[in-house]
Amino acid sequence: MLELRHRLSTATLLVATALSATSQTGCSLVKRSGAQESALASAHKLALQMDPKSNLTRFSGRALQVRLSQLFPAQLGTGNLDIGPFSHEYSTGANQAIAQVNRPVNALEQVALKSNNTFYCGRESVPTSYSAAPQGSIYSDKIWFSNELATLPTDEAVLAAMVVSRNVWLEPLPSDAPEIVELAGLYLAILKTVENGESQTATAKRQRAHQALCIASLSSAQFSLGIPGPRDAMRRMMIEVGSRVPTFVELEAVTHGKKTVLQFLDEMQKDPKSGYYTAINQWHNDWLGLRQFLPNSIWAGTNPDNTVTFDPRGGHPNLTWTPMSLTGAKQYGVTEAEHLAYPRIYPAHDGPSVPYTCDVNQLQTFDPRTTMVVYERNNGTVWQASGAFVHKDRLQDYANILNAYGVNDFSAAADCKLFSEAASPDHRFALEGTQLQDYYRCRGRISTTQGAGLSPGNMSDYRSGGPELRMRRFSPSGEQGGVSVVKTWYAQEPRLVCNSFPRIMFTCAYRPPSFGSFVSPSDYTDFGFPGIGLLSVGTYWSTTSMGHPGVLNQFRCGKSDPASLARIDQPLNEEQGYPWGYDRTNYLGSGLSQLNDTMTLALASFEINNEGAAIKRLRKDLKQEPYRLIDYVVANNRSYKEVFSADYLVGHEELELFYRAQGQALPLYPPGFTPDVTADRTVENPAPVPISRFQGLPSHYVPNNLYGNNYLIRGFPPNAGGIIPPRPKAGVLSMPAFVSPVGGKMRTIASRYFARLLCGDPSVFVPEGAQKRIHVRHMLDVNNPETSRTAAEHINGKSECFTCHVNLDPLGAALSSTFLANVQINEGLGATGEMNYLGVWQGGNWLGAIWSPSKGTGAFLGAEVTGVEGVARQLVSSDLWAKCVVSKTFENVFGRVQTLSDVESSNAWQKKFQTQGYNYNRLVRDMVSSSLYQGAN
């Protein structure tokens, strides 16, 4: 074995010397010779001969990331291991060869490794002394066995070879080992070889020589395949199963029998925060093809828990955020302590430069009614009115403002026009409850060289010129220039919010008309798609449309009646779901009703205190939903079946609220939910949340035109009434992370079950006798004979199509009640019910929180099943599923796919897995403890 190791080492080192002959700067280290070309062929041939005869297998892409992050901490130590160059999901080009589960030693991998090794080694600077390097990095000397501390070599080349090889190979080779002799010779050769134009300083020579050692050791079989001996199983187990590099103290403990590999594994399995759980999360991500619930998007934020700015209750998409002072911060509910702790808290400006100014010391009753909106500009010394929206009965109020600014020649007849008469049609929208003839557009007076002031005919004039602009809003009770108290949505924290415009955007339900776009294309302002429950503005100045009194009057700001919302015996109207906060018949009079006191928007910039912690926890729960379930099942040694059939989620109160509300913006909390205002929102430990607590949501809680024509509660036409059921109890199978990556065709979704969960194609299960009759019965739509006739070929047992369709179509019928009726006509229409594209559209991604009440009945693995819950129960009771679990676990623990010689062991593990409580930890332990894993390579 030593001779074989020496041959492999020598040949591979020559190859590394030859093929990795360029540093990051492109300078040649050595010239390739014919002998070295021959060595390349010999090493490659030898590696191919060794691979099927031993347990030596190349590290997975994930394990390579673990190793490289340790060896090159400055380059990879703080990186995300999920998206590295060898990630199965994100790798490109030649790196994909390394990331594959079945990792043979081939030329493509050699190319990929050499390319990356040259890159890493070329960028890594050699420290002045090895003791100055971080522990575990490639040039660190903190790697000696305790009994060798007095025997460090003094020869420069030997010391360099031992330092580099020990860190890369995790093997304490002595100074006279053939590999060390080979590496030391390479070091001296490179030290003496200088190409034309290269620096010949001692530092430069030392750098090049170390780079050669780095490239050679990383390119060698000792790194990619391992080194035979008692420590090999420990190295592979720690890196592949534990997601970390073992220390030399740990390797020494195994070598001298002080501790076993299984004892180290047991410790990791008992620690939910160990690298073992990182590994199994990544195994399942790869196996099940999971997609992040909140993936990267063009709306990406900077929150470390997630890359999407997310609030399930909607928001204002086009706010511009600019730095603010403490005084300005207080206008938006930010305390002095918060402002100091979060110096980048921003205010909301609804346009390029127009702030809403409020006196933070003026506590004021909020009045949603708007009689006048004044736009003002600072000329450098004083504020001046530059234009306004004015109610017909409040023109004198505007005249008084102009008088205060020294303008005494205001004439409503000359300076104002009704909207119905305005030259520009931009704002001629017929909003419910608003008469166009009630409002004027009036120009103002400004002291500029333009002289004549502004024309009321073009809204763009309101933003022209001047470095500093602002808006003021007036109501029948006076100017809304103070602040009022609201409560945050999740944590119910009191906040002060400016009454001018942020108060409306943050707290009032906006109900745009449902008849479509009402804006002339002659201007770029206003609404691109009304009827979606939130503002959508164009590329011009959104403040002008926000300032329109007709728009503002559509902000209800009233409190809903829970009893009205919960009724299912009559249709819900908008005024029940989102009542007005004032008397519409006496608009200018008194009589405010009870107003909304709950902030319904929480932008990323306001994620402070308990409310911010709550939103971050929700975001994190949604992103890690499947992995938290897996961790909980495995860490508590529960039946692994629960990963696919659990009737609970694992998360926090915010996750429960999200799914109770099916991700929708609701006027009130769903029935049965009362937030715990005393909860510590910074607690990170998630807990099981029973889905049984997700009481059925009355469909009226999502009013008819909340989403206009895009009604997201599937299965309920507008105002149909009824109870929307909670999500199914089917573990990861009912999670968006599993469903979202699949297209909207039921046969594609059904194929995913066979490929991912049963490790085969749709013909992997062959129903016979009674099972076959059950399957065939659910391949036809008995209510649609014409459609059924076109499916005759699929139910013909002698046709080539039958073996696949006899499994795909009954499964499709179980997951979608409309599948069989549509599949032969338009397969895309067949993915309805539980398999609808799930939920909420956010930044180009489906967030998936909504489940339909429509369940299909079909067949799966020989039995009749209904819905995804029935499919899940049948799945986890099958031998095929258990066999697939064992197969996928084998691939990840051993780093290779099973061969015929592994069948006997695999069958034994499967039987033990099924008869001993489906314990996943025990399955991994059985594999690691086997002679197949522990045996010398």
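How many of the residues of helix α27 are buried? Eight of its eight residues are buried, so that α27 is mostly covered, where buried means under 20% relative accessible area, exposed means over 50%, and partly exposed is what lies in between, with a 1.4 Å probe and protein chains only. Before I go on with that helix, let me say what we are looking at.

This is a predicted model, in which local features need pLDDT of at least 70 and side-chain atom pairs count only at pLDDT 80 or more, while totals for chains, interfaces and linings use all residues. Residues are numbered from 1 along each chain as its sequence is written, and side-chain values use heavy atoms, with hydrogens and water left out.

The protein has 39 helices and 18 strands; helices (H or I, at least four residues) and strands (E, at least two) are DSSP runs, numbered from the N terminus. Of the 937 residues in the protein, 58% are buried. The accessible surface comes to about 37,200 Å², and 52% of this belongs to carbon and sulfur atoms, the areas coming from the Shrake-Rupley method with a 1.4 Å probe, where for residues only the protein chains shown count as cover. If we take contacts (heavy atoms within 4.5 Å) with a separation of 6 or more, residues 24 or more positions apart account for 70% of them.

A word on confidence, which is given as pLDDT, the predictor's confidence in each residue, from 0 to 100. The protein averages a pLDDT of 74, and 67% of the residues score at least 70.

Now back to α27. Its buried residues include Glu 653, Glu 654 and Glu 656, along with Leu 655, Leu 657, Phe 658, Tyr 659 and Arg 660. What covers them includes the helices α24 (609-623), α25 (625-635) and α28 (736-739), together with the strands β11 (648-651), β12 and β13. Just after α27, Gln 662 takes a positive phi of about 55°. For comparison, let me turn to helix α11 (residues 232-241), where ten of ten residues are buried, among them Asp 232, Arg 235, Arg 236 and Glu 240. Just after α11, Ser 243 takes a positive phi of about 60°.

Next come the aromatic rings, and a search of the whole structure finds 26 aromatic pairs. Rings of Phe, Tyr and Trp (its six-membered ring) pair if their centres lie within 6.5 Å, and planes under 30 degrees apart count as stacked, over 60 as edge-to-face and the rest as tilted. One of these pairs is Tyr 659 with Phe 694, which is stacked, at 6.4 Å centre to centre and with 10° between the planes. This pair links distant parts of the chain, 35 residues apart, with Tyr 659 in helix α27 and Phe 694 in the loop between β12 (687-690) and β13 (697-698). Both Tyr 659 and Phe 694 are buried. Phe 894 and Trp 909 have ring centres 6.1 Å apart and planes at 35°, so this pair is tilted. Here Phe 894 belongs to helix α36 (residues 879-894) and Trp 909 to helix α37 (residues 903-915). Phe 894 is buried because its relative accessible area is 3%, and Trp 909, at 9%, counts as buried too. There is also one aromatic cluster, formed by Trp 287, Tyr 640, Phe 644, Trp 881, Phe 913, Tyr 918 and Tyr 920.

Finally, two serines. Ser 69 has its place in helix α3 (residues 61-71) and, with a relative accessible area of 14%, is buried. A polar atom of its side chain lies 2.8 Å from the backbone oxygen of Gln 65. Ser 763, by contrast, lies in the loop between α29 (746-757) and α30 (770-777), and it counts as partly exposed because its relative accessibility is 28%. Leaving aside neighbours within four places in sequence, Ser 763 is in contact with Thr 803 and Asn 807.

Definitions and conventions. Polar contact = N/O pair within 3.5 Å; in protein donor to acceptor, adjacent residues only side chain to side chain.
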